[in-house]
Amino acid sequence: MTDISARTRANQQSPTARIALRWGLYAILFIFALYYLMPLFVMLTTSLKSLEEIRTGSLVALPRSVTFEAWATAWSGACTGIKCEGLQPYFWNSVLLAVPAVLISTLIGAMNGYVIAQWRFKGANLIFSLMLFGCFIPFQVVLLPMARTLGFLNIAGTIPGLIFVHVIYGIGFTTLFFRNYYVTIPSDLVKAAKIDGAGFFRIFWSIFLPLSLPIVVVTVIWQFTQIWNDFLFGVSFSQAGTQPITVALNNIVNSTTGVKEYNVDMAAAIIAALPTLFVYVVAGKYFIRGLTAGSVKG
Amino acid sequence: MLWLERHVPKLVLAPSFVAVLIFVYGFIGWTAWVSFTRSRLMPNYDIVGPIQYERLFASPRWDTAMNNLFIFGVLFIVTSMVLGLMLAIFLDQKIRTEGVLRTIYLYPMALSLIVTGTAWKWILNPGLGFESVVRGWGFETFTFDWLINPDMAIYTVVIAGVWQASGFVMALFLAGLRSVDEEIIKAAQVDGIPTHRIYSAIIIPSMAPIFLSAFIVLAHLAIKSFDLVIALTGGGPGYATDLPATYMYAMAFSRGDIGQAASSAMVMMGVVFAIVVPYLYSELRAKND
């Protein structure tokens with residue numbers, strides 16, 4: 001007894017050193033918080049300044065006079081190439097694209113996960129492995145044939161075409177999410193329900209679906225973030241008028257005509273980021289769960 | 001009817017299976033095939049051998065892209081891991097504001113890389129950004145022109161990439177730290193082992209699987225990096241910040257060189273598979289054992 005307490009005492013520093021260490025720790029963590037927040041702060045303040053103030057003032061200074069002009073321009077007047085209608089139409093493109101793509105891929109993932117986890121048949125594991133593998137391919141390797149296929153199906157350059165692409169390449173992840181969740185549900189449940197005469201869909205509908213809320217939230221958030229933030233598919237498979245918001249943002253920022261309006265660029269970037277930021281702030285817990293599940297398990 | 005009932009699960013899975021077969025494996029096969037042809041603007045299906053790969057490896061632009069991938073990949077992975085581990089350990093010291101700090105560290109992961117690129121392009125802008133801030137503090141000769149300096153521009157991609165992904169690595173490591181058996185840590189504390197030794201000898205070694213996952217995720221992000229470069233540097237100055245992904249895109253959609261696009265995509269996939277396949281294989285085997 002005395003032996004242990006003597007050793008623990010040897011491990012303890014003087015109270016002053018402990019307090020200093022504690023303060024140092026908080027200082028470092030706080031500095032890093034500033035580092036992560038800095039770009040957002042700069043974006044926000046720049047978007048609220050006039051061009052004149054941007055040219056004369058400092059990057060990190062607060063705006064002397066707040067103006068929302070840049071936001072109005074970014075939303076409805078900024079030029080993406082020839083057209084100057086701001087981000088607005090592209091924002092709605094992204095909504096029209098993301099909502100159906102998220103819903104369809106989540107539904108397919110739920111059914112697939114249910115089959116793979118609870119209705120195992122010979123070869124099911126192989127199919128799952130093949131799907132899992134699909135999550136890891138660099139999409140560059142499917143860009144060319146997909147461009148031709150979309151043309152063949154007559155949906156090249158359309159929003160349904162992009163929905164199709166996102167659903168196809170989202171299936172791997174959504175299946176993975178649901179499969180890993182349903183695997184934890186005891187298989188006796190299905191057996192008992194079968195004895196009671198319930199069929200495949202009935203069991204899914206009245207037993208599995210009611211249990212699925214957490215994983216549905218994780219999957220929807222993951223898919224929404226992926227699809228909203230996608231750029232590669234958007235830039236490859238859209239045309240003027242059907243581009244998603246990330247492509248339009250890039251076009252605004254990199255358009256070479258006229259005066260460079262940094263405040264408009266920043267307002268546009270924040271507008272493009274708002275939906276996913278909102279989801280993150282509101283449902284951060286599920287966002288992180290999806291990120292870690294999607295990476296660690298996959 | 002009975003037959004149908006028995007096969008419902010298979011029928012439900014079948015469309016996805018067929019879709020994956022066609023749109024993943026079939027398409028990979030198509031790209032592989034075309035990478036051995038003379039295809040330029042239009043695909044051509046006569047196999048002539050590895051001429052596209054010969055052209056690729058002789059191309060100085062591809063050489064730059066692979067070099068950049070190496071520089072970016074190594075720095076991005078190492079810095080994100082070191083920073084993530086450090087922040088995770090610091091946050092694990094019963095910090096009162098942990099929830100808020102975690103939220104702040106991780107939010108960049110919710111942003112599109114185009115947004116991240118746009119923000120950093122503005123911050124690193126030599127005329128009006130960070131450089132002019134430091135000059136304003138009285139350091140009149142301070143220069144920070146990495147964004148437009150061909151030798152340094154790739155490091156700006158690292159800066160923005162680390163900013164985006166390190167909080168995520170922190171979250172992975174934090175979860176790992178929390179899953180270490182508390183009893184062992186308590187026993188070590190009772191034995192009077194100093195905290196830094198507990199970390200370096202007990203906790204960190206037991207997190208080896210997390211290091212592996214973090215590495216896989218980061219390597220995967222690095223190889224697929226496309227949006228960030230497009231938004232931050234556009235691959236420039238010249239093609240100084242080209243990565244394989246931007247090279248492939250340029251060949252496919254602006255140069256009209258399908259053969260080069262296909263062969264560069266296949267090399268990218270080779271790199272991904274060299275990293276991911278052993279990992280997936282060991283994961284799947286561990287689960288089946």
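**Briefing: domains and chain interface in a predicted model**

The centres of domain 1 of chain A and domain 2 of chain A, taken over C-alpha atoms, lie 35 Å apart. Domain 1 covers 2-71 and domain 2 covers 88-297 of chain A; such bounds come from an automatic or database domain assignment. This is a predicted model, where local features need pLDDT of at least 70, side-chain atom pairs count only at pLDDT 80 or more, and totals for chains, interfaces and linings use all residues. Residues are numbered from 1 along each chain as its sequence is written, chains are lettered from A and ligands numbered from 1 in the order in which they are written, and side-chain values use heavy atoms, with hydrogens and water left out.

**Domain 1 against domain 2, chain A**

- Each domain of chain A brings 12 residues to the contact (heavy atoms within 4.5 Å).
- The area buried between domain 1 of chain A and domain 2 of chain A is about 950 Å², and carbon and sulfur atoms give 84% of that. Buried area is the accessible area (1.4 Å probe) that two parts lose on being put together, summed over both.
- On the side of domain 1 of chain A, A:Met43, A:Leu51 and A:Trp71 lose the most area to domain 2 of chain A, together 54% of what that side buries.
- One residue pair is in polar contact between the two domains, both residues at pLDDT 80 or more. A polar contact is a pair of N or O atoms within 3.5 Å; within protein, one must be able to donate a hydrogen and the other to accept it, and residues adjacent in sequence count only if both atoms are side-chain atoms.
- α2 (15-47), α3 (51-56) and α4 (69-76) of chain A each supply at least two residues of the domain 1 side. Helices here are DSSP runs (H or I, at least four residues), numbered from the N terminus.
- The largest share of that side, five residues, comes from α2(A).

**Chain B against chain A**

- In this interface, 97 residues of chain B are in contact with 87 residues of chain A.
- The two chains bury about 8,200 Å² between them, 77% of it on carbon and sulfur atoms.
- The rule finds zero salt bridges here, but 22 residue pairs in polar contact, both at pLDDT 80 or more.

**Pairs within chains**

- A:Trp75 and A:Phe91 form an edge-to-face aromatic pair, 5.4 Å centre to centre with 70° between the planes. Rings of Phe, Tyr and Trp (its six-membered ring) pair if their centres lie within 6.5 Å; planes under 30 degrees apart count as stacked, over 60 as edge-to-face and the rest as tilted.
- B:Asp242 forms a salt bridge with B:Arg61, with the closest N and O atoms 2.4 Å apart.
- B:Asp242 sits in the loop between α11 (227-232) and α12 (244-254) of chain B, and B:Arg61 in helix α3 (residues 60-91) of chain B, 181 residues apart.

How values were computed: A salt bridge is a side-chain nitrogen of Lys or Arg within 4 Å of a carboxyl oxygen of Asp or Glu.
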